[in-house]
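Subject: A structure for you to look at

Hi,

Here is the structure I promised to pass on to you. Please open it beside this email and follow along as you read.

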Amino acid sequence: MIEQRQPAPGGADTNLSRLRPPYGSVLDLIGQTPVVELTKFETGKCRLFIKLESQNPGGSIKDRIALSMIAAAEKDGRLKRGGTIVEATAGNTGLGLAQVGIPKGYRIILVVPDKMSREKIQHLRALGAEVRMTRSDVGKGHPEYYQDMAEKIAAELPGAFYANQFANPANPLAHETTTGPEIFSQLDGDVDAVVVGVGSGGTLTGLGRYFAKHSPKTEMVLADPVGSVLAPLIKTGKMEEAGSWTVEGIGEDFVPPNADLSLVKKAYSITDKQSMLAVRDLLSREGILAGSSSGTLLSAALRYCREQTTPKRVVTFVCDSGNKYLSKVFDDIWLAEQGLADQEQHGDLRDLVVRSPRTGDIVYVGPDESLLNAYGRMRRSDVSQLPVLDEGRLVGIVDESDILAKVDGPYEGRWDRFNGPVRSAMTSNLHTLQANQTLDALLPVFDRNEVAIVFDGEEFIGLITRIDLINHLRRRAK
């Protein structure tokens with residue numbers, strides 16, 4: 001049973017077990033992550049626990065394997081002082097390698113698929129890692145596939161160490177020697193099932209080996225994104241063609257050497273939508289901010305729990321922090337653009353409007369605001385044009401070319417021009433469409449290099465751009 005700590009009067013905590021003397025390095029904080037019981041979800045007869053790997057200094061479970069792989073390479077001489085570490089990564093292993101390796105004086109080169117969140121990329125570069133972006137739409141054997149590209153870079157760079165988390169035995173060893181014993185201890189040696197995902201396979205294999213030795217009753221359960229080949233392979237014994245998925249860090253189009261799928265007792269395929277909704281529920285119900293793969297694990301864990309006819313103790317993971325996905329999973333507009341939000345479909349132009357005054361998420365500017373305000377709002381919202389609203393009524397459109405035309409010119413007076421009102425640059429001669437029109441109505445608008453302005457009767461409901469149309473067509477092609 002996990003002890004519930006009670007705060008002392010006035011907010012002070014009489015249990016100081018989490019307060020330690022100063023650590024010598026942030027690397028000493030890797031591992032020994034807390035476990036929390038989830039009580040706000042329907043778990044049937046089971047109790048569901050979640051281990052917060054987001055509490056590692058690099059923000060993910062991958063800190064463990066980074067420390068293990070670097071230590072092993074240093075020990076056997078593959079990594080020498082001042083050397084270079086090269087890796088193919090969905091972001092978190094790269095963050096772990098940079099977190100551990102850069103303070104030790106190593107150069108870090110990471111090859112990252114282009115579907116990774118911008119927060120991860122920014123974090124990697126801020127740490128000092130060199131990031132090489134590559135395609136996420138190609139498979140193993142293609143020269144631009146992230147693993148093949150990383151292996152080639154390492155082979156061509158004298159003295160480089162290719163970490164290769166997918167086949168490096170130090171990866172599963174980290175979980176067999178640290179993560180497994182921690183879970184066993186935290187749950188008082190009573191663990192019926194562990195729900196994991198597979199990216200490189202290290203978590204599955206390391207934990208599977210540990211529990212096979214120390215708790216044979218413990219079942220390893222796989223949570224896999226729809227589109228990955230792993231869950232179908234376990235269920236049918238056949239290798240299917242890989243699809244695509246949005247969740248980051250787990251799911252594969254091949255079986256990694258480190259992934260011992262024979263350890264899996266049960267496998268679930270989880271859709272992107274299920275994953276996103278689950279991880280958002282985890283935040284709103286339990287106050288736990290987790291990444292997209294944690295939503296896949298949670299969704300599978302809940303399904304497993306609800307299927308059981310006898311009480312069981314089940315544990316899964318917050319694989320990484322949701323701070324890395326604020327521009328994606330926790331952005332309502334991004335979810336809508338990906339077709340992952342619950343939205344009523346009408347079969348007309350309303351289906352393409354992603355920002356609307358009706359929902360309160362439209363980005364706009366007032367006619368008497370400055371052009372500098374309009375420019376800043378465009379930059380922050382990553383849009384190229386803004387509706388100009390005066391007390392809720394559409395009076396114009398201002399875009400990048402309007403602002404540029406107004407502020408360009410001699411240096412003298414430029415700041416005054418930036419501070420000029422939006423009404424001085426906006427376009428007020430507007431061509432509008434009605435919400436009940438079909439997609440065909442958009443093409444003439446785009447041929448005139450205009451943005452579509454959509455009304456429902458006399459009510460302005462939003463704009464549609466070329467990228468909105470492309471997103472809509474892509475979603476419908478699936």
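You will find K80 in the loop that runs between α1 (62-76) and β3 (84-88). A polar atom of the K80 side chain lies 3.1 Å from the backbone oxygen of G77. Now look across to Y106, which is 26 residues away from K80 along the chain. The C-alpha atoms of these two residues are separated by 8.8 Å.

Before we go further, please keep in mind that this is a predicted model. The mean pLDDT of the protein chain is 91, and 96% of its residues reach 70 or more. Over residues 1-14, however, the pLDDT is below 50. Beyond near neighbours in sequence, that stretch has 15 contacts in the model.

Now for the overall picture. The protein chain has 478 residues, of which 52% count as buried. Its secondary structure comes to 15 helices and 15 strands, and its C-alpha trace spans about 75 × 60 × 55 Å along the principal axes. Among contacts with a separation of 6 or more, 67% are between residues 24 or more positions apart.

T134 is in strand β5 (residues 130-134). T134 counts as buried because its relative accessible area is 5%, and buried means under 20%. A polar atom of its side chain lies 2.5 Å from the backbone oxygen of E144. Leaving aside neighbours within four places in sequence, T134 is in contact with V111, V112, P113, D114, E144, Y146 and M149.

S215 is buried too, with a relative accessible area of 5%. S215 lies in a loop, between α6 (202-214) and β8 (219-225). What does the side chain of S215 make a polar contact with? The partner is the side chain of T218, at 2.7 Å. Leaving aside neighbours within four places in sequence, S215 is in contact with F184, V191 and Y210.

Finally, please turn to residues 357-417. An unreviewed UniProt entry annotates them as "domain: CBS". Over these residues the chain is 38% helix and 21% strand, and the end C-alpha atoms are 29 Å apart.

Two packed helices are described by the angle between their axes and the distance between the axes. The crossing is left-handed. Which residues of the two helices meet? From α11 they are L371, A374, Y375 and M378, and they meet E400, I403, K406 and V407 of α12.

An α-helix has 3.6 residues a turn, so residues three or four places apart point the same way. With that in mind, have a look at the buried residues of α11, which are L371, A374, G376, M378 and S381. What covers them includes β11 (385-390), β12 (393-399), α12 and α13 (414-418). Just after α11, D382 takes a positive phi of about 55 degrees.

Enjoy exploring, and write back with any questions!

Best wishes

Key:
Residues numbered from 1 in each chain as written. Predicted model: local features only at pLDDT ≥ 70, side-chain atom pairs only at ≥ 80, totals over all residues. Heavy atoms only, no water. UniProt positions renumbered as here; feature names shortened; annotations may be inferred. Helix = DSSP H or I, 4+ residues; strand = E, 2+ residues; numbered from the N terminus. Buried < 20%, exposed > 50% of the residue type's maximum accessible area, 1.4 Å probe, protein only. Polar contact = N/O pair within 3.5 Å; in protein donor to acceptor, adjacent residues only side chain to side chain. Contact = heavy atoms within 4.5 Å. pLDDT = per-residue confidence, 0-100. Left-handed = near helix turned anticlockwise from the far one by under 90°.
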